[in-house]
Amino acid sequence: MIRLRTIRKAAALLPAVLTASCAMTQGNSVAETETVAAYLARTAPKAGADDFRSTFSDLNGDGTFEAVIYLSAPGNCGSGGCSLLILTPEDGRYREVTRMSVSRLPVRQLGSMTNGWHDLGVTIGGGGAAPAEAWMRFDGNAYPRNPTTQPVVPDSTEAVVLLAPQR
């Protein structure tokens with residue numbers, strides 16, 4: 001059962017979700033699945049409309065669009081960056097594939113694939129670390145949780161920006 005408070009929080013986030021849906025890669029039928037706002041109301045109740053940015057892309061080539069969410073809500077950021085969530089639609093709701101720590105923007109979808117999912121380029125830096133782009137490869141179940149432990153993306157790699165810093 002969904003509590004009224006959860007519905008109100010999701011409704012409060014709806015303008016941000018509608019704005020984010022304009023940045024979709026191809027398109028995502030929000031009517032077919034739980035919205036990003038409803039997912040965040042359920043899993044990150046302190047997140048407000050200004051505490052996340054999202055976009056959608058078919059990361060695994062199955063014809064459905066995964067949600068890529070940069071979550072800067074209280075408790076999700078530190079000196080090294082914020083949380084990056086990868087969600088996939090499953091049975092009318094989102095299932096968390098990965099929650100990465102210490103991530104920064106931009107986030108790019110690389111042309112290469114590992115275990116059927118597109119590799120991601122996730123910016124890292126801060127907390128004393130030099131800025132770089134971590135090469136996040138899917139292991140068959142999830143992407144790595146900590147981008148700072150991954151190799152750097154080669155300079156010549158083809159990619160599409162999924163989420164960019166706001167100017």
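Predicted model: local features only at pLDDT ≥ 70, side-chain atom pairs only at ≥ 80, totals over all residues.
Biologist: Which residues does Ser83 touch, not counting residues up to four places away in sequence?

Modeller: Ser83 is found in strand β4, which covers residues 81–90. Once residues up to four places away in sequence are set aside, the residues that Ser83 touches are Ile69, Tyr70, Leu71, Asn76, Arg99 and Met100.

Biologist: How far apart in space are Ser83 and Arg99, C-alpha to C-alpha?

Modeller: Arg99 is among the residues that Ser83 touches. The two are 16 residues apart in sequence, while the distance in space between Ser83 and Arg99, taken from C-alpha to C-alpha, is 6.5 Å.

Biologist: Is Ser83 buried or exposed?

Modeller: A residue counts as buried when its relative accessible area is under 20%. Because the relative accessible area of Ser83 is 8%, Ser83 is buried.

Biologist: Which residue is joined to Cys77 by a disulfide?

Modeller: A search of the whole structure finds 1 disulfide. With an S to S distance of 1.9 Å, that bond joins Cys77 to Cys82.

Biologist: Is the disulfide of Cys77 and Cys82 right-handed or left-handed?

Modeller: The handedness is read here from the torsion about the S-S bond of Cys77 and Cys82, which is about 105°. The disulfide is therefore right-handed.

Biologist: What is the relative accessible area of Cys82?

Modeller: Cys77, at 41% relative accessibility, counts as partly exposed. Cys82, by contrast, is buried, because its relative accessible area is 9%.

Biologist: Which residue in β7 stands opposite Ile124?

Modeller: Strand β6, residues 117–126, and strand β7, residues 129–136, pair in the antiparallel sense over 6 bridges. In this pairing, the residue of β7 that stands opposite Ile124 is Ala132.

Biologist: Which residue in the turn between β6 and β7 has a positive phi?

Modeller: The strands β6 and β7 form a hairpin with 2 residues between them. In that turn, the residue with a positive phi, of about 60°, is Gly127.

Definitions and conventions: Residues numbered from 1 in each chain as written. Heavy atoms only, no water. Helix = DSSP H or I, 4+ residues; strand = E, 2+ residues; numbered from the N terminus. Buried < 20%, exposed > 50% of the residue type's maximum accessible area, 1.4 Å probe, protein only. Contact = heavy atoms within 4.5 Å. Disulfide = S-S within 2.5 Å. Pairing = 2+ DSSP bridges.
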